[in-house]
Amino acid sequence: MYGGDEVSAIVIDLGSHTCKAGYAGEDAPKAVFPSVVGSIDQMDVDDSDNLEKDSGPVLDSKNIVRPFDSEKSKGKRKLYVGSQALGYRRDHMEVLSPIRDGVVADWDIVESIWDHAFRDCLLIDPKEHPMLLAEPSSNSQQQREKTAELMFDKYQVPALFLAKNAVLTSFASGRATSLVVDSGGGSTTIAPVHDGYVLQKAVQSSPIGGEFLTDCLMKSLESKGFTVKPRYSFKRKEIRPGEFQTVDLDLPNTTESYKLYSQRVIASDIKECVCRAPDTPYDESAYSNIPMTSYELPDGQTIEIGADRFKIPDVLFNPSLVQTIPGMESFEETAASVRGLPQMVIESINKCDVDIRRELFSSILLSGGTASMQQLKERLEKDLLEESPQAARVKVLASGNATERRFSVWIGGSILASLGSFQQMWFSKSEYEEHGASYIQRKCP
Amino acid sequence: MDAKDILGLPKTPLPLPQEKKSRPQKDSQRKPDGISREVYALTGGLAPLMPSIDVAQQKRRAQVENEKITWQWLSFTNSARKDNLQLYHWVRVVNGVPPIGDYSFAKYNKSVDILKYTDEEYEKYLIDPMWTKNETDQLFDLCERFDLRFVVIADRFQSSRTVEELKDRYYSVSRNILIARASSPGDVSGHPIVKEPYNVSQEIERKRALSMVLSQTKHQERKDAEVLAEAKRISESRIAARSAEESELPDTSNAGAEGTERAIVPADTASPSSSLQFASGNVAHPTSMAENASVTASLRMLRVYMRTYALEQMVQAASSSAGLRTIKRVEQTLQDLGVNLKPKVPTKAVCAEHLELRKEILTLLNLQKQLQYKEAEGSSYREGSYAETPSTPKHLQRGVDQDRAFPDPLSFGGERVGKRDQKRKAPGRLSEAPSSPAQSNKRPRKLKASDG
């Protein structure tokens, strides 16, 4: 491999929806699991809950490695990390996310996630491997310092580097200058990258991400009368061969957040299977006669989805559509101030220096889980062609492979950490001890 | 061959499978050394056109394998790093001796040479009202960190300054330091920054123009395109009309009136846009009649059609049959009527009518002259006898119709744009109505009455 030199670095990308971790130099992360944890407050409950063997069917494991519950007793809380652990319903288990509004709020949870990644999924000792972490494109100095402290003090890593998501995506497609449209679980961020550096003054972000769309879909289904039953809440008995009867289970100690989490898992599966980005802006009357697609829920119920197939993805392009979905009124204020995807792209480019605008227009990259929605690339290209200047040639690029789009940040990190000329850029432990955590601002631009 | 050996079959060739035998013979002959037969058979048993495996290389590989090669996970230091971080990687160890030398990628650690100034130098040469020392220091620090990537530097700079301002400050500081540090001006005059200093205003102008180009949306482009198409259509229709008129007037020599005729279209065109085509094509036609041959020749080359000149030519052509005095009288008549000798606004309609008018006046004057002759004759004949009347009917005819209103020619002229000369002349004669020989009208009538 030209320019490559493996030092067995580890690449971790902690996103708002999933956490991806793996060895640098590989083409896909080994450990992919949800970046939420189940937490049981020790005060309320005994540990004997673990012995309860309920019949909740096992979720599709996104975790490719062997199943193992990671239990971390953190003072009063017990945290359960990993899709296997989360798939198992426990009484009084709350589902918590460490990231709120794009910034890390709870560092304990982050620690537990990293522990799970290192010890359970990758089976490594962090002392031996340099770490490359992917951070959001607009991360504050304080967050970076805290990350550095945690890594060096607790895990004793030999070297660390914090790279911005947009830069890694750009490298994954082989470009030093591009405009990265990253629409992941929690938010959509548009960041221009020039010569390998993010232009921070031109970064645009909107809270509409995959999870928001999932919520929209759920509310829409509820308003139509379909209830999405979480997997743990029913049992299917085979009465006659081929015929199943659903029995509802009553589990009073299940928390609301866990119920919501389980429902969201199902709804996001519906969204991934069924939803498509419409070719033209969504129009209520135009789509009223669209043929319905049927989807079978885990409890055997079959639902028909028609106009929602196109309405939900169009929220990305036209956030004011949210108001037409019953049950989403709480988001109305936020949705009003948010612009659609094409407008954000144009705004972001216009905030950049004039000289690079042409280049940015001709290399717009799509990444993130939501970006692998069908027809999204074509729709975005079409909308941008309308609003962009004549002189600029608009080109939206996305790797054909859906897996690559989801993991493009991780893949970029894998490429970067295995380059020979990158080895001089690590922020090492000795530098940390000498200059302190604030030195990271200099070392990781 | 050796298969037969194994099977113990006789080596003498049997008559039947002769083809098969010849092939195995060729195979065994051509098997090269260095590769096993099975591998060679993978190629189909025939030699490739170009030798794909170099025998000499194979020998070398065997030699190298005499040494002991292992791969070990060893630590290394990187001279591009300032600390002593030791990372590990796989190293090809030959005979137990790890490779020496620096990390092979350290040579790629290049950076830009940024001049550093001291405080005294700053005080002496580099003070600028727009920039504080703090900012300048910060700028230079960022320049070093980001290797003069000004777009990124402008992004990370604390206060918001444009890329041009930063570049300007950086280059002027560098230039001043260079000149100040140089022992003599001649030393540094070769340096690029001294020879061509950074031109801020030009950069700002260039960027402004570029941003204007880039801010034209598709909408505007479409509108512009529509307008241009419309204008082209209009000018093409004018050319068509013009060329039709042209073919009637054989005297016109510079009939190169296609293509750039649109150049003369003055402000009365319908197209509203300020498109550049019109502006560039507009050759300011000189209103002075002092056109010499060179000008006309060059104009003919440009195929520009100038109406006043064409008009003059036509006038000359028309009046060539008459003498100088007649022309003078025509012009006198025109002035009496209050018409300019040269039309002020030479549009097609106006020019046509002017020509019309001139011709009619000419005809009028001719007729008047003839009338006078005839009158003189008539008066002389009257003394003679009344019998000579055969000439008068012509007079009568002419005379009667001379009463018609004068402004008719103008309206006629406007209508008769595409008609033939002869047709025009005939009705023109009829519609002539001179003011002077009013009295002479009566006499032919009287004559008629008396004849009737």
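**Entry 1: a pair inside chain B**

I began with B:E135 and B:R161, which form a salt bridge whose closest N and O atoms are 2.7 Å apart; the term stands for a side-chain nitrogen of Lys or Arg within 4 Å of a carboxyl oxygen of Asp or Glu. B:E135 sits in helix α6 (residues 133–146) of chain B, while B:R161 sits in the loop between α7 (150–156) and α8 (163–181) of chain B, so the pair ties together parts that are 26 residues apart in sequence. I noted that helices (H or I, at least four residues) and strands (E, at least two) are DSSP runs, numbered from the N terminus. B:E135 counts as buried at 16% relative accessibility, and B:R161 counts as buried at 16% as well; buried means under 20% relative accessible area, exposed over 50%, and partly exposed in between, with a 1.4 Å probe and protein chains only.

Before going on, I wrote down that this is a predicted model, in which local features need pLDDT of at least 70 and side-chain atom pairs count only at pLDDT 80 or more, while totals for chains, interfaces and linings use all residues. Residues are numbered from 1 along each chain as its sequence is written, chains are lettered from A and ligands numbered from 1 in the order in which they are written, and side-chain values use heavy atoms, with hydrogens and water left out.

**Entry 2: salt bridges in chain A**

I then searched the whole structure, which gave 38 salt bridges over all chains. One that I looked up joins the side chains of A:R77 and A:D106 (3.5 Å, N to O). This pair links distant parts of the chain, with A:R77 in strand β6 (residues 77–81) of chain A and A:D106 in the loop between β9 (103–104) and α2 (107–122) of chain A, 29 residues apart. A:R77 is buried at 17% relative accessibility, and A:D106 is buried with a relative accessible area of 19%.

I also looked up A:E347 and A:R339, whose side chains meet in a salt bridge (2.5 Å, N to O). Are these residues buried or partly exposed? A:E347 is partly exposed because its relative accessible area is 28%, and A:R339 is partly exposed at 29%.

**Entry 3: two buried residues**

A:S39 has its place in strand β4 (residues 37–41) of chain A and counts as buried at 6% relative accessibility. Leaving aside neighbours within four places in sequence, A:S39 is in contact (heavy atoms within 4.5 Å) with several residues, including A:R77, A:H92 and A:L96.

Not counting residues up to four places away in sequence, B:E121 touches B:K116, B:L126 and B:R181.

**Entry 4: where the chains meet**

How many residues does the contact take from chain A and from chain B? The contact takes 44 residues from chain A and 42 residues from chain B. Chain A and chain B bury about 3400 Å² between them, 53% of it on carbon and sulfur atoms; buried area is the accessible area (1.4 Å probe) that two parts lose on being put together, summed over both.

I counted six salt bridges between chain A and chain B, and looked up one in which the side chains of B:R149 and A:D195 meet (2.8 Å, N to O). α10(A) gives the most to the side of chain A that touches chain B, with five residues. I also noted a network of salt bridges that links A:D353, A:D355, B:E164, B:E203, B:R206 and B:K207.

**Entry 5: a nonpolar patch on chain B**

Last, I turned to the surface, where B:I69, B:W71, B:W73, B:Y88 and B:W90 form a nonpolar patch with about 550 Å² of accessible area together. Patches are made of residues with over 30% relative accessible area and no salt bridge, like charges being joined within 9 Å and nonpolar side chains (Val, Leu, Ile, Met, Phe, Trp, Tyr) within 5 Å; accessible areas come from the Shrake-Rupley method with a 1.4 Å probe, and for residues only the protein chains shown count as cover.

β1 (69–76) and β2 (87–94) of chain B each supply at least two residues of the patch, and β1(B) gives the most, with three residues. B:W71 is found in strand β1 of chain B and is exposed, with a relative accessible area of 54%. Chain B has 21 helices and two strands.
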